[in-house]
Amino acid sequence: MPLEFLRDIETGTLPKQVTKIGDIDLLRLLLAAGMIEADLPAVDGSGSATVHRITGFGRAWLTADGSHAAKSIPSPEPRA
């Protein structure tokens, strides 16, 4: 799910403001993994987060995830 959110961030405009608590939690995971640069509110507080950019590592994961997904979808069998 964090990679799906990262893909959503990629298709949008940066900087991106995020206010939903669940989405901010996903940003915490992405930030800890080194996939984004962002300013996040304190864990015990409320507020908004700002995503500034997707790092090279994050873009590499998106590329790898996309190429894996394309290879994992089986081709339809030809009909006889």
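This is a predicted model: local features need pLDDT of at least 70, side-chain atom pairs count only at pLDDT 80 or more; totals for chains, interfaces and linings use all residues.
View 1. Leaving aside neighbours within four places in sequence, T50 is in contact with P15, K16, Q17, E37, A38 and D39. T50 belongs to strand β3, which spans residues 49–54. One of these contacts, that with Q17, includes a polar contact between the two side chains, at 2.7 Å. The relative accessible area of T50 is 14%; the limit for a buried residue is under 20%, so T50 counts as buried.

**View 2. Packing of helix α1 against helix α2.** Helix α1 covers residues 2–11 and helix α2 covers residues 21–32. Their axes are 10 Å apart and meet at an angle of about 95°. Angles of 65 to 115 degrees count as roughly perpendicular, and α1 and α2 are therefore roughly perpendicular to each other. On the α1 side, the contact is made by P2, F5, L6 and I9. D23, L26, L27, L29 and L30 make the contact from α2. By class, the contact has eight nonpolar residues, one charged residue and no polar residues.

**View 3. The aromatic pair F57 and W61.** A search of the whole structure finds one aromatic pair. The pair is formed by F57 and W61, with 6.4 Å centre to centre and 85° between the planes, an edge-to-face arrangement. Both residues lie in helix α3 (residues 56–72), four residues apart, about one turn of the helix. F57 is partly exposed, with a relative accessible area of 42%. W61 is also partly exposed, its relative accessible area being 38%.

How values were computed:
Residues are numbered from 1 along each chain as its sequence is written. Side-chain values use heavy atoms; hydrogens and water are left out. Axes are lines fitted to C-alpha atoms, for helices over the stretch in contact, and angles run from 0 to 180 degrees between N-to-C directions. Helices (H or I, at least four residues) and strands (E, at least two) are DSSP runs, numbered from the N terminus. Angles under 35 degrees count as roughly parallel, over 145 as roughly antiparallel, 65 to 115 as roughly perpendicular and the rest as oblique. Contact means heavy atoms within 4.5 Å. Ala, Val, Leu, Ile, Met, Phe, Trp, Tyr, Cys and Pro count as nonpolar, Asp, Glu, Lys and Arg as charged, and the others, Gly among them, as polar. Rings of Phe, Tyr and Trp (its six-membered ring) pair if their centres lie within 6.5 Å; planes under 30 degrees apart count as stacked, over 60 as edge-to-face and the rest as tilted. Buried means under 20% relative accessible area, exposed over 50%, partly exposed in between (1.4 Å probe, protein chains only). A polar contact is a pair of N or O atoms within 3.5 Å; within protein, one must be able to donate a hydrogen and the other to accept it, and residues adjacent in sequence count only if both atoms are side-chain atoms.
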